[in-house]
Amino acid sequence: MWIPKTMTRTVVAAFAACLIELFDSKDQPEREYLKIILHRIYGKSMLHRPFIRTAINNVLYGFILETQRHNGIAELLEILGSIINGFALPMKEKHKLFLIGTLIPLHKPKTFSSYHQQGNNSLIASFSRLDAALTFLSFRLLNEHLWNNEQIISIVAQNRNFILPVIFEALENNMKSHWNRAVHWLTANVRKMFLEMDAELFEECQRQYLEKEARA
């Protein structure tokens with residue numbers, strides 16, 4: 001029996017939408033199975049990838065703005081981790097907006113500790129690896145809202161060996177030449193925080209930065 005392509009598209013999209021709704025299940029093994037199935041659908045169907053990304057984004061957005069209760073946030077973030085690593089360069093504007101409008105605000109809910117280890121911070125790091133210009137933007141937005149949060153500071157401290165080498169050049173360049181006084185103040189605070197966290201790492205990053213400047 002011949003099935004029109006439009007019907008196939010509709011059926012697969014509807015099935016994916018139902019799967020994403022089921023991620024709110026309290027049964028952790030069920031969520032793991034859902035994660036595997038949805039990831040495979042995403043990998044095999046180029047056509048449905050935008051729909052799946054949008055549907056996941058809608059769940060996360062609703063979680064941030066409305067309910068702040070959902071059992072499957074960690075699993076959805078794990079799926080997004082694989083998706084983001086597959087983004088083509090240069091990165092599309094809509095993907096950058098997802099970082100700014102969804103991933104960074106995910107630090108605000110009180111249940112943040114239940115999902116940060118599974119992916120939220122590593123997703124932001126993935127964006128930074130793909131586009132270095134997003135690194136300081138991410139930290140600037142996080143700083144404006146969250147640097148007073150002890151949990152955030154703790155996470156940054158745990159991941160400082162990755163974070164500081166990535167952002168150090170941007171910090172130094174901002175200190176030397178950024179025209180905006182607020183950004184300059186923010187940069188100084190972030191720089192001071194990393195120095196106090198790990199003076200040895202800070203000095204090593206500074207040494208590498210000065211060597212690069214000398215070669216240039």
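Residues are numbered from 1 along each chain as its sequence is written, and side-chain values use heavy atoms, with hydrogens and water left out. Because the model is predicted, local features need pLDDT of at least 70 and side-chain atom pairs count only at pLDDT 80 or more, while totals for chains, interfaces and linings use all residues.

Begin by selecting F168 and F202, which form an edge-to-face aromatic pair, 5.2 Å centre to centre with 75° between the planes (rings of Phe, Tyr and Trp, the last by its six-membered ring, pair if their centres lie within 6.5 Å; planes under 30 degrees apart count as stacked, over 60 as edge-to-face and the rest as tilted). F168 lies in helix α9 (residues 160-177) and F202 in helix α11 (residues 199-215), so the pair ties together parts 34 residues apart in sequence (helices are DSSP runs of H or I, at least four residues, numbered from the N terminus).

F168 is buried, with a relative accessible area of 2%, and Y209 counts as buried at 7% (buried means under 20% relative accessible area, exposed over 50%, partly exposed in between, with a 1.4 Å probe and protein chains only).

Finally, select Y42, R53, F87, K92 and H95, which, of the 14 residues that line the second largest pocket, are the closest to its centre (on a 1 Å grid over the protein atoms alone, a pocket is an open set of points where a 1.4 Å probe fits, with protein on both sides within 12 Å along at least five of seven lines, and lining residues have an atom within 4 Å of a point).

Notes: Helices (H or I, at least four residues) and strands (E, at least two) are DSSP runs, numbered from the N terminus.
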